[in-house]
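Please read the numbered points with the sequence and the model side by side.

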Amino acid sequence: MCGTCGCGQSDESYKIIKPGEEEHSHHYHHHHDHTHDDEMHSHEHKHAYAHRHDHDDHGHTHEHSHGADDHSHQHAHGHAHSREIIVEQNALQKNDLLAERNRGYFEAKGVLAINLVSSPGSGKTTLLEKTIQLTKDQINLYVIEGDQQTMQDANRINNAGAPVVQINTGNGCHLDATMVSKACKQLNIDKKGILIIENVGNLVCPSLFDLGEAKRVVIMSVTEGDDKPLKYPTMFETSDICVINKIDLLPYVDFDVEKSKEFASRINPNLKFFEVSAKSEEGLADWVDWLKNELKLVG
Amino acid sequence: MHEFSIAINIIDIVTDAAESQGAKKVNEIELEIGDLSGVVYEAMEMAMESAVSGTWLENTNITITRIKGKAKCSQCGKMFSIDNLFDQCPECGAFNPVIQSGKELKVKSLQVE
(Lines give C-alpha, C1' and ligand atoms only; values in the text may rest on other atoms or scores of the structure.)
Protein backbone atom coordinates (compact mmCIF):
# COMPACT_ATOMS: atom_id res chain seq x y z
CA MET A 1 0.00 0.00 0.00
CA CYS A 2 1.13 3.52 -0.73
CA GLY A 3 2.64 5.06 2.38
CA THR A 4 1.73 8.61 1.40
CA CYS A 5 -1.95 8.51 0.56
CA GLY A 6 -3.12 5.06 1.67
CA CYS A 7 -4.23 3.95 -1.77
CA GLY A 8 -3.79 0.34 -2.74
CA GLN A 9 -0.91 0.84 -5.11
CA SER A 10 2.63 0.14 -4.09
CA ASP A 11 4.71 3.05 -2.91
CA GLU A 12 6.77 3.65 -6.03
CA SER A 13 8.74 6.84 -6.06
CA TYR A 14 11.76 8.25 -7.77
CA LYS A 15 14.15 11.04 -6.93
CA ILE A 16 15.97 13.50 -9.14
CA ILE A 17 19.11 14.83 -7.52
CA LYS A 18 21.92 17.12 -8.61
CA PRO A 19 25.33 16.49 -7.08
CA GLY A 20 25.63 18.71 -3.99
CA GLU A 21 22.01 19.78 -4.04
CA GLU A 22 18.95 19.05 -1.98
CA GLU A 23 16.80 16.05 -2.91
CA HIS A 24 13.66 16.45 -4.97
CA SER A 25 11.28 13.58 -4.71
CA HIS A 26 8.30 12.79 -6.91
CA HIS A 27 5.55 10.53 -5.76
CA TYR A 28 5.41 8.32 -8.80
CA HIS A 29 2.09 6.77 -9.31
CA HIS A 30 -1.42 7.60 -10.32
CA HIS A 31 -4.61 7.88 -8.36
CA HIS A 32 -7.96 6.76 -9.56
CA ASP A 33 -10.91 8.26 -7.73
CA HIS A 34 -14.16 6.60 -8.51
CA THR A 35 -17.29 6.18 -6.46
CA HIS A 36 -20.05 3.63 -6.76
CA ASP A 37 -22.99 5.40 -5.23
CA ASP A 38 -25.86 3.52 -6.76
CA GLU A 39 -24.50 0.01 -6.89
CA MET A 40 -24.27 -2.72 -4.32
CA HIS A 41 -22.71 -5.79 -5.78
CA SER A 42 -19.71 -8.02 -5.44
CA HIS A 43 -17.82 -10.26 -7.82
CA GLU A 44 -15.31 -12.95 -7.24
CA HIS A 45 -13.20 -14.01 -10.19
CA LYS A 46 -10.10 -15.85 -11.21
CA HIS A 47 -10.37 -18.95 -9.04
CA ALA A 48 -9.00 -22.10 -10.54
CA TYR A 49 -11.84 -24.37 -9.55
CA ALA A 50 -14.99 -22.64 -8.46
CA HIS A 51 -16.38 -19.17 -8.27
CA ARG A 52 -19.45 -17.30 -7.35
CA HIS A 53 -21.11 -14.07 -8.44
CA ASP A 54 -23.59 -12.03 -6.43
CA HIS A 55 -25.46 -9.21 -8.04
CA ASP A 56 -27.60 -7.58 -5.37
CA ASP A 57 -28.93 -5.02 -7.75
CA HIS A 58 -29.93 -7.57 -10.31
CA GLY A 59 -31.42 -10.05 -7.90
CA HIS A 60 -29.63 -13.19 -8.96
CA THR A 61 -26.79 -15.36 -7.81
CA HIS A 62 -25.01 -18.07 -9.66
CA GLU A 63 -22.21 -20.44 -8.94
CA HIS A 64 -20.35 -22.87 -11.08
CA SER A 65 -17.19 -24.89 -10.91
CA HIS A 66 -14.52 -25.90 -13.37
CA GLY A 67 -12.36 -28.97 -13.71
CA ALA A 68 -8.90 -29.39 -12.36
CA ASP A 69 -7.20 -27.35 -15.04
CA ASP A 70 -6.68 -23.68 -14.47
CA HIS A 71 -8.11 -22.14 -17.60
CA SER A 72 -9.20 -18.72 -18.70
CA HIS A 73 -12.80 -17.97 -19.53
CA GLN A 74 -15.26 -15.25 -20.27
CA HIS A 75 -18.65 -14.74 -18.64
CA ALA A 76 -21.69 -13.24 -20.19
CA HIS A 77 -24.19 -12.15 -17.59
CA GLY A 78 -26.65 -10.75 -20.06
CA HIS A 79 -26.86 -7.32 -18.41
CA ALA A 80 -29.00 -5.35 -20.76
CA HIS A 81 -27.20 -2.12 -19.88
CA SER A 82 -23.66 -3.41 -20.40
CA ARG A 83 -22.03 -1.84 -23.43
CA GLU A 84 -18.72 -2.07 -25.24
CA ILE A 85 -16.18 0.73 -25.61
CA ILE A 86 -13.67 0.14 -28.38
CA VAL A 87 -10.34 1.52 -27.16
CA GLU A 88 -7.62 0.14 -29.49
CA GLN A 89 -4.84 2.05 -27.73
CA ASN A 90 -1.22 1.07 -27.34
CA ALA A 91 -0.57 0.42 -23.65
CA LEU A 92 2.52 2.63 -23.80
CA GLN A 93 0.84 5.46 -25.69
CA LYS A 94 1.23 7.95 -22.83
CA ASN A 95 4.95 7.31 -22.57
CA ASP A 96 5.29 7.44 -26.36
CA LEU A 97 3.54 10.83 -26.50
CA LEU A 98 5.74 12.25 -23.74
CA ALA A 99 8.80 10.85 -25.51
CA GLU A 100 7.76 12.71 -28.67
CA ARG A 101 7.47 15.88 -26.61
CA ASN A 102 10.99 15.32 -25.28
CA ARG A 103 12.15 14.72 -28.85
CA GLY A 104 10.69 18.06 -29.91
CA TYR A 105 12.34 19.78 -26.94
CA PHE A 106 15.74 18.27 -27.85
CA GLU A 107 15.40 19.29 -31.50
CA ALA A 108 14.42 22.84 -30.55
CA LYS A 109 17.45 23.08 -28.26
CA GLY A 110 19.81 21.59 -30.87
CA VAL A 111 20.53 18.65 -28.58
CA LEU A 112 21.50 15.17 -29.73
CA ALA A 113 19.91 12.86 -27.15
CA ILE A 114 21.36 9.38 -26.67
CA ASN A 115 19.82 6.61 -24.59
CA LEU A 116 22.66 4.44 -23.29
CA VAL A 117 21.49 0.96 -22.32
CA SER A 118 23.24 -2.22 -21.19
CA SER A 119 23.38 -4.83 -18.48
CA PRO A 120 24.94 -3.71 -15.16
CA GLY A 121 28.73 -3.54 -15.17
CA SER A 122 29.30 -3.31 -18.92
CA GLY A 123 31.14 -0.01 -18.54
CA LYS A 124 28.52 2.65 -19.36
CA THR A 125 29.78 5.13 -16.80
CA THR A 126 33.45 4.59 -17.66
CA LEU A 127 32.67 5.11 -21.36
CA LEU A 128 30.89 8.33 -20.39
CA GLU A 129 33.77 9.58 -18.25
CA LYS A 130 36.21 8.98 -21.10
CA THR A 131 33.85 10.55 -23.64
CA ILE A 132 33.62 13.68 -21.47
CA GLN A 133 37.42 13.89 -21.19
CA LEU A 134 37.98 13.35 -24.93
CA THR A 135 35.38 15.91 -26.04
CA LYS A 136 36.10 18.59 -23.47
CA ASP A 137 36.26 22.11 -25.01
CA GLN A 138 34.76 20.67 -28.23
CA ILE A 139 31.25 19.47 -27.31
CA ASN A 140 28.81 20.52 -24.59
CA LEU A 141 28.00 17.21 -22.97
CA TYR A 142 25.09 16.83 -20.54
CA VAL A 143 24.32 13.65 -18.62
CA ILE A 144 21.28 12.12 -16.94
CA GLU A 145 22.22 9.17 -14.76
CA GLY A 146 19.66 6.46 -14.02
CA ASP A 147 20.17 4.02 -11.16
CA GLN A 148 17.92 2.44 -8.60
CA GLN A 149 19.94 3.95 -5.77
CA THR A 150 22.99 6.11 -4.93
CA MET A 151 24.70 9.21 -6.32
CA GLN A 152 27.87 7.26 -7.22
CA ASP A 153 27.58 7.63 -10.98
CA ALA A 154 26.44 11.26 -10.92
CA ASN A 155 29.40 12.10 -8.70
CA ARG A 156 31.79 10.38 -11.13
CA ILE A 157 30.31 12.36 -14.06
CA ASN A 158 30.38 15.56 -12.01
CA ASN A 159 34.07 14.97 -11.28
CA ALA A 160 34.70 14.32 -14.98
CA GLY A 161 33.33 17.81 -15.60
CA ALA A 162 29.89 17.49 -17.22
CA PRO A 163 26.58 18.89 -15.91
CA VAL A 164 24.66 15.92 -14.53
CA VAL A 165 21.48 15.00 -12.67
CA GLN A 166 20.86 11.64 -11.06
CA ILE A 167 17.51 9.87 -11.25
CA ASN A 168 17.13 7.26 -8.52
CA THR A 169 14.28 5.04 -9.62
CA GLY A 170 13.88 3.32 -6.24
CA ASN A 171 12.30 0.01 -7.20
CA GLY A 172 11.94 1.00 -10.85
CA CYS A 173 13.85 -1.04 -13.41
CA HIS A 174 13.95 1.55 -16.22
CA LEU A 175 13.74 5.27 -16.96
CA ASP A 176 10.64 6.64 -18.67
CA ALA A 177 9.88 9.76 -20.67
CA THR A 178 8.35 11.61 -17.70
CA MET A 179 11.44 11.13 -15.56
CA VAL A 180 13.68 12.37 -18.37
CA SER A 181 11.46 15.41 -18.96
CA LYS A 182 11.66 16.35 -15.27
CA ALA A 183 15.40 15.70 -15.09
CA CYS A 184 15.96 17.94 -18.15
CA LYS A 185 14.28 20.84 -16.36
CA GLN A 186 16.85 20.56 -13.59
CA LEU A 187 19.72 20.11 -15.97
CA ASN A 188 19.26 23.60 -17.49
CA ILE A 189 20.41 22.70 -20.99
CA ASP A 190 21.30 26.12 -22.35
CA LYS A 191 23.69 25.28 -25.19
CA LYS A 192 23.69 23.05 -28.22
CA GLY A 193 25.32 19.73 -27.44
CA ILE A 194 24.85 16.10 -26.59
CA LEU A 195 22.67 14.72 -23.82
CA ILE A 196 23.59 11.20 -22.81
CA ILE A 197 20.97 9.43 -20.73
CA GLU A 198 22.52 6.49 -18.92
CA ASN A 199 19.61 4.13 -18.34
CA VAL A 200 19.26 1.71 -15.44
CA GLY A 201 21.56 -1.29 -16.03
CA ASN A 202 19.07 -3.80 -17.43
CA LEU A 203 18.81 -5.35 -20.87
CA VAL A 204 15.09 -6.10 -20.61
CA CYS A 205 12.82 -3.37 -19.26
CA PRO A 206 14.34 -0.16 -20.75
CA SER A 207 13.86 -1.58 -24.26
CA LEU A 208 10.13 -0.76 -24.29
CA PHE A 209 10.36 2.81 -23.02
CA ASP A 210 11.11 5.51 -25.56
CA LEU A 211 12.72 8.48 -23.80
CA GLY A 212 12.69 10.76 -26.83
CA GLU A 213 16.25 9.92 -27.79
CA ALA A 214 17.62 10.38 -31.31
CA LYS A 215 19.79 7.27 -31.02
CA ARG A 216 19.76 4.26 -28.75
CA VAL A 217 23.17 2.81 -27.96
CA VAL A 218 23.50 -0.65 -26.43
CA ILE A 219 26.77 -1.66 -24.79
CA MET A 220 27.89 -5.24 -24.57
CA SER A 221 31.15 -6.09 -22.80
CA VAL A 222 33.41 -9.00 -23.66
CA THR A 223 33.20 -10.33 -20.10
CA GLU A 224 29.57 -11.18 -20.87
CA GLY A 225 28.47 -14.00 -23.17
CA ASP A 226 28.70 -13.35 -26.92
CA ASP A 227 25.12 -14.66 -27.20
CA LYS A 228 23.67 -11.66 -25.32
CA PRO A 229 21.87 -10.41 -28.46
CA LEU A 230 19.97 -13.70 -28.78
CA LYS A 231 19.07 -13.72 -25.09
CA TYR A 232 17.83 -10.11 -25.04
CA PRO A 233 16.65 -9.57 -28.62
CA THR A 234 14.25 -6.67 -28.02
CA MET A 235 17.03 -4.42 -26.77
CA PHE A 236 19.21 -5.14 -29.81
CA GLU A 237 16.24 -4.79 -32.14
CA THR A 238 15.45 -1.29 -30.84
CA SER A 239 19.05 0.00 -30.75
CA ASP A 240 20.90 1.93 -33.46
CA ILE A 241 24.44 1.41 -32.22
CA CYS A 242 26.17 -1.46 -30.45
CA VAL A 243 29.36 -0.68 -28.55
CA ILE A 244 31.44 -3.74 -27.69
CA ASN A 245 33.45 -2.68 -24.65
CA LYS A 246 36.45 -4.04 -22.68
CA ILE A 247 38.19 -5.36 -25.82
CA ASP A 248 41.49 -5.08 -23.90
CA LEU A 249 40.31 -8.22 -22.07
CA LEU A 250 39.72 -10.28 -25.25
CA PRO A 251 42.90 -12.38 -24.80
CA TYR A 252 41.57 -13.60 -21.44
CA VAL A 253 37.94 -14.42 -22.25
CA ASP A 254 36.04 -16.68 -24.66
CA PHE A 255 34.03 -13.85 -26.22
CA ASP A 256 33.92 -14.15 -30.02
CA VAL A 257 33.48 -10.60 -31.41
CA GLU A 258 32.47 -11.68 -34.92
CA LYS A 259 29.97 -14.20 -33.59
CA SER A 260 28.34 -11.60 -31.29
CA LYS A 261 28.08 -9.16 -34.19
CA GLU A 262 26.54 -11.83 -36.37
CA PHE A 263 23.98 -12.67 -33.65
CA ALA A 264 23.08 -9.00 -33.20
CA SER A 265 22.79 -8.48 -36.97
CA ARG A 266 20.34 -11.38 -37.24
CA ILE A 267 17.97 -9.32 -35.09
CA ASN A 268 18.88 -5.89 -36.42
CA PRO A 269 20.77 -5.69 -39.72
CA ASN A 270 21.10 -1.90 -39.39
CA LEU A 271 23.13 -2.00 -36.15
CA LYS A 272 26.43 -0.14 -36.38
CA PHE A 273 29.25 -1.50 -34.20
CA PHE A 274 32.10 0.10 -32.31
CA GLU A 275 34.75 -2.06 -30.67
CA VAL A 276 36.33 -0.17 -27.80
CA SER A 277 38.08 -0.35 -24.49
CA ALA A 278 36.85 2.56 -22.39
CA LYS A 279 39.72 1.81 -20.01
CA SER A 280 42.64 1.77 -22.46
CA GLU A 281 40.83 4.20 -24.84
CA GLU A 282 41.39 1.86 -27.79
CA GLY A 283 38.71 2.48 -30.43
CA LEU A 284 37.30 5.54 -28.66
CA ALA A 285 38.40 7.93 -31.44
CA ASP A 286 35.86 6.35 -33.83
CA TRP A 287 33.12 6.56 -31.19
CA VAL A 288 33.87 10.25 -30.56
CA ASP A 289 33.95 10.95 -34.33
CA TRP A 290 30.54 9.34 -34.67
CA LEU A 291 29.15 11.51 -31.85
CA LYS A 292 30.53 14.66 -33.50
CA ASN A 293 29.05 13.71 -36.87
CA GLU A 294 25.65 12.97 -35.38
CA LEU A 295 25.71 16.30 -33.54
CA LYS A 296 26.39 18.07 -36.86
CA LEU A 297 23.31 16.39 -38.32
CA VAL A 298 21.16 17.86 -35.54
CA GLY A 299 22.02 21.30 -36.96
CA MET B 1 9.21 -5.88 -13.80
CA HIS B 2 8.34 -3.37 -16.52
CA GLU B 3 5.02 -5.22 -16.73
CA PHE B 4 3.85 -3.37 -13.62
CA SER B 5 4.60 0.04 -15.18
CA ILE B 6 2.71 -1.07 -18.26
CA ALA B 7 -0.20 -2.23 -16.10
CA ILE B 8 -0.37 1.24 -14.48
CA ASN B 9 -0.46 2.77 -17.98
CA ILE B 10 -3.27 0.39 -18.95
CA ILE B 11 -5.28 1.41 -15.90
CA ASP B 12 -4.88 5.07 -16.91
CA ILE B 13 -6.12 4.32 -20.42
CA VAL B 14 -9.08 2.32 -19.10
CA THR B 15 -10.00 5.00 -16.56
CA ASP B 16 -9.83 7.78 -19.18
CA ALA B 17 -11.87 5.81 -21.72
CA ALA B 18 -14.50 4.70 -19.18
CA GLU B 19 -14.90 8.10 -17.55
CA SER B 20 -15.09 9.95 -20.87
CA GLN B 21 -17.98 7.64 -21.82
CA GLY B 22 -19.76 8.19 -18.49
CA ALA B 23 -19.28 4.58 -17.37
CA LYS B 24 -19.84 3.85 -13.69
CA LYS B 25 -18.41 0.36 -13.74
CA VAL B 26 -16.05 -1.62 -15.92
CA ASN B 27 -17.06 -5.27 -16.16
CA GLU B 28 -14.29 -6.36 -18.46
CA ILE B 29 -11.00 -5.14 -19.89
CA GLU B 30 -9.82 -6.84 -23.07
CA LEU B 31 -6.09 -6.64 -23.74
CA GLU B 32 -3.96 -7.95 -26.60
CA ILE B 33 -0.40 -9.01 -25.87
CA GLY B 34 1.83 -10.22 -28.68
CA ASP B 35 4.47 -12.91 -28.19
CA LEU B 36 7.09 -10.52 -29.64
CA SER B 37 5.99 -7.46 -27.65
CA GLY B 38 8.78 -7.69 -25.08
CA VAL B 39 6.26 -8.41 -22.33
CA VAL B 40 5.92 -11.75 -20.56
CA TYR B 41 2.31 -12.90 -20.78
CA GLU B 42 2.24 -14.51 -17.33
CA ALA B 43 3.99 -11.54 -15.70
CA MET B 44 1.48 -9.21 -17.35
CA GLU B 45 -1.42 -11.21 -15.90
CA MET B 46 0.09 -10.93 -12.43
CA ALA B 47 0.95 -7.26 -12.86
CA MET B 48 -2.61 -6.42 -13.92
CA GLU B 49 -4.03 -8.25 -10.93
CA SER B 50 -1.81 -6.41 -8.49
CA ALA B 51 -2.21 -3.05 -10.24
CA VAL B 52 -6.02 -3.07 -10.07
CA SER B 53 -6.03 -4.15 -6.43
CA GLY B 54 -7.47 -1.36 -4.28
CA THR B 55 -8.66 0.66 -7.28
CA TRP B 56 -12.16 0.99 -8.71
CA LEU B 57 -11.21 -1.73 -11.21
CA GLU B 58 -10.53 -4.29 -8.49
CA ASN B 59 -13.45 -6.53 -9.50
CA THR B 60 -13.06 -6.11 -13.23
CA ASN B 61 -12.56 -9.23 -15.30
CA ILE B 62 -9.33 -8.97 -17.29
CA THR B 63 -9.09 -10.95 -20.51
CA ILE B 64 -5.73 -11.09 -22.21
CA THR B 65 -5.65 -12.36 -25.76
CA ARG B 66 -2.25 -13.67 -26.74
CA ILE B 67 -1.23 -12.90 -30.32
CA LYS B 68 1.17 -15.31 -31.97
CA GLY B 69 4.10 -14.01 -33.98
CA LYS B 70 3.77 -14.02 -37.77
CA ALA B 71 6.33 -12.74 -40.22
CA LYS B 72 6.95 -12.34 -43.93
CA CYS B 73 10.39 -13.17 -45.27
CA SER B 74 12.05 -10.05 -46.63
CA GLN B 75 13.90 -12.15 -49.22
CA CYS B 76 11.44 -14.72 -50.62
CA GLY B 77 8.11 -13.40 -49.30
CA LYS B 78 7.18 -16.59 -47.45
CA MET B 79 4.74 -16.09 -44.54
CA PHE B 80 5.68 -18.05 -41.43
CA SER B 81 5.15 -18.35 -37.68
CA ILE B 82 7.86 -16.70 -35.62
CA ASP B 83 8.68 -17.31 -31.96
CA ASN B 84 11.81 -15.17 -31.69
CA LEU B 85 13.04 -12.03 -33.39
CA PHE B 86 16.07 -13.95 -34.66
CA ASP B 87 14.13 -16.77 -36.32
CA GLN B 88 15.06 -17.70 -39.89
CA CYS B 89 12.77 -18.09 -42.86
CA PRO B 90 11.96 -21.84 -43.09
CA GLU B 91 12.04 -21.56 -46.90
CA CYS B 92 15.25 -19.66 -47.74
CA GLY B 93 16.99 -19.29 -44.37
CA ALA B 94 17.07 -15.48 -44.37
CA PHE B 95 17.00 -13.50 -41.10
CA ASN B 96 15.18 -10.22 -40.37
CA PRO B 97 11.69 -10.98 -41.66
CA VAL B 98 9.03 -8.27 -41.60
CA ILE B 99 6.88 -8.80 -38.52
CA GLN B 100 3.19 -8.99 -39.39
CA SER B 101 1.78 -9.70 -35.93
CA GLY B 102 2.96 -10.43 -32.41
CA LYS B 103 4.09 -6.91 -31.46
CA GLU B 104 0.69 -5.97 -29.99
CA LEU B 105 0.56 -4.44 -26.54
CA LYS B 106 -2.79 -2.75 -26.39
CA VAL B 107 -6.07 -2.11 -24.70
CA LYS B 108 -8.60 -3.42 -27.17
CA SER B 109 -12.00 -2.81 -25.61
CA LEU B 110 -13.99 -2.48 -22.40
CA GLN B 111 -17.36 -3.78 -21.29
CA VAL B 112 -18.88 -1.07 -19.13
CA GLU B 113 -22.13 -0.13 -17.40
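In what follows, a residue is called buried when its relative accessible area is under 20%. The model under discussion is a predicted one.

1. S7(A) is the strand of residues 111-118 in chain A. Eight of its eight residues are buried, so S7(A) is largely enclosed by the rest of the structure. The burial concerns both faces of S7(A): A:Val111, A:Ala113, A:Asn115 and A:Val117 lie on one side, and A:Leu112, A:Ile114, A:Leu116 and A:Ser118 on the other.

2. Strand S7(A), partners. S7(A) pairs in the parallel sense with strand S10 (residues 193-198) of chain A, over six bridges. Within that pairing, A:Ile114 stands opposite A:Ile196. S7(A) also pairs with S11(A), again in the parallel sense, over five bridges. Here A:Leu116 stands opposite A:Val217, and A:Ser118 has A:Ile219 as its bridge partner.

3. Strand S11(A). Six of the seven residues of S11(A), which covers residues 215-221, are buried, so this strand is largely enclosed by the rest of the structure. Besides its pairing with S7(A), S11(A) pairs with strand S12 (residues 241-245) of chain A in the parallel sense, over five bridges. A:Ser221 stands opposite A:Asn245 of S12(A).

4. Aromatic pairs. How many aromatic pairs does the structure hold over all chains? There are four. One of them joins A:Tyr105 and A:Phe106 in an edge-to-face arrangement, with 5.8 Å from centre to centre and 65° between the planes. A:Tyr105 is partly exposed, at a relative accessible area of 31%, whereas A:Phe106 is buried, at 2%.

5. A second aromatic pair. A:Phe274 and A:Trp287 are likewise edge-to-face, at 6.0 Å centre to centre and 75° between the planes. The pair links distant parts of the chain: A:Phe274 belongs to strand S13 (residues 272-275) and A:Trp287 to helix H8 (residues 284-298), 13 residues apart. Both A:Phe274 and A:Trp287 are buried. Together with A:Trp290 they form one aromatic cluster.

6. Four strands form an open sheet in the order S6(A)-S6(B)-S1(B)-S2(B), with mixed pairing. Strand S6 (83-90) of chain A and S2 of chain B stand at the edges with a single partner strand each, so one side of each has no neighbour in the sheet. Neighbouring strands are turned by 15° against each other on average, direction ignored. Within the sheet, S1(B) and strand S6 (residues 105-112) of chain B run antiparallel and are joined by seven bridges. B:Leu31 has B:Val107 of S6(B) as its bridge partner. Helix H2(B) packs on this sheet, touching S1 and S2 of chain B, and its direction makes about 160° with that of S2(B).

7. Helix H2(B). The twelve residues of H2(B), residues 41-52, should span 16 Å at 1.5 Å a residue; the end C-alpha atoms are 17 Å apart, which agrees. Which residues of H2(B) are buried? They are B:Tyr41, B:Ala43, B:Met44, B:Ala47, B:Met48, B:Ala51 and B:Val52. Seen down the helix axis, the buried residues of H2(B) fall within an arc of 150°, so they line one face of the helix. The buried residues of H2(B) pack against helix H1 (2-20), strand S1 (26-34) and strand S2 (61-67) of chain B. Just after H2(B), B:Gly54 takes a positive phi of about 85°.

8. The three-stranded sheet of chain B. Three strands of chain B form an open sheet in the order S4-S3-S5, and the pairing is antiparallel. Strands S4 (79-81) and S5 (98-101) stand at the edges, each with a single partner strand, so one side of each is left without a neighbour in the sheet. The twist averages 35° from one strand to the next. S3(B), residues 70-72, is joined to S5(B) by three bridges, and B:Lys72 stands opposite B:Val98 in S5(B).

Key
Residues numbered from 1 in each chain as written. Chains lettered and ligands numbered in written order. Predicted model: local features only at pLDDT ≥ 70, side-chain atom pairs only at ≥ 80, totals over all residues. Heavy atoms only, no water. Helix = DSSP H or I, 4+ residues; strand = E, 2+ residues; numbered from the N terminus. Expected span 1.5 Å × (residues − 1). Buried < 20%, exposed > 50% of the residue type's maximum accessible area, 1.4 Å probe, protein only. Arc of directions from axis to C-beta. Contact = heavy atoms within 4.5 Å. Pairing = 2+ DSSP bridges. Axes fitted to C-alpha atoms, helices over the stretch in contact; angles between N-to-C directions. Phe/Tyr/Trp six-rings, centres within 6.5 Å; stacked < 30°, edge-to-face > 60°.
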